[in-house]
Amino acid sequence: MNESKIINGLNDLLAKNYDSERGYETAAEKTNNQVLAAYFRGKASNRYTYGHQIKDIIREMGGDIDKGTSISGDLHNTWINVKAFFTGNSDESILDEVETGEEACVEEYDTFLQNPELPDSIRRIISYQRENIAR
């Protein structure tokens, strides 16, 4: 088993969860709809939990945890801010951007899960996260 490849992939997923958590927090701040804001905060909380689950796996494998965000995530969150500014924080535009971010996240999870050397214990946790993100 190529543990370094698995740890690197987990760190990529960790960065994606950091990005998503921050993106959902931003979306919650940008909307004036309290129901939608609560939904976004709930999603941010889920991503926080997923990040901690991934960090636990990395620690168990003896790997180093990368605590940064991805460049693409930083750009996406900036885009949410810019788009919200120009569209007057339109809930529709915010939802469109959230959906775009989630599609990219699911793709990254799918790529990670294609590793045939992935232990079943890790595959179960990551698959669970992926399925909840895809909903």
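**View 1. The protein chain holds 5 helices and 0 strands.** Helices (H or I, at least four residues) and strands (E, at least two) are DSSP runs, numbered from the N terminus. The pattern along the sequence is α-α-α-α-α. This is a predicted model: local features need pLDDT of at least 70, side-chain atom pairs count only at pLDDT 80 or more, and totals for chains, interfaces and linings use all residues. Residues are numbered from 1 along each chain as its sequence is written, and side-chain values use heavy atoms, leaving out hydrogens and water.

**View 2. Helix 1 packs with helix 4.** Residues 3-30 form helix 1, and residues 91-113 form helix 4. Their angle is about 170°, with axes 10 Å apart. That makes helix 1 roughly antiparallel to helix 4 (an angle over 145 degrees). Axes are lines fitted to C-alpha atoms over the stretch in contact, and angles run from 0 to 180 degrees between N-to-C directions.

**View 3. Residues of helix 1 meet residues of helix 4.** Contact means heavy atoms within 4.5 Å. Helix 1 brings residues including Ile 6, Leu 10, Leu 13 and Tyr 24. Helix 4 brings residues including Ile 94, Val 98, Cys 105 and Phe 112. The contact residues divide into 11 nonpolar, 3 polar and 5 charged. Here Ala, Val, Leu, Ile, Met, Phe, Trp, Tyr, Cys and Pro count as nonpolar, Asp, Glu, Lys and Arg as charged, and the others, Gly among them, as polar.

**View 4. Helix 4 has buried residues.** Among them are Ser 93, Glu 97, Gly 101, Val 106 and Leu 113. Buried means under 20% relative accessible area (1.4 Å probe, protein chains only). Of the 135 residues of the protein chain, 43% count as buried.

Methods. Parallel < 35°, antiparallel > 145°, perpendicular 65-115°, else oblique. Buried < 20%, exposed > 50% of the residue type's maximum accessible area, 1.4 Å probe, protein only.
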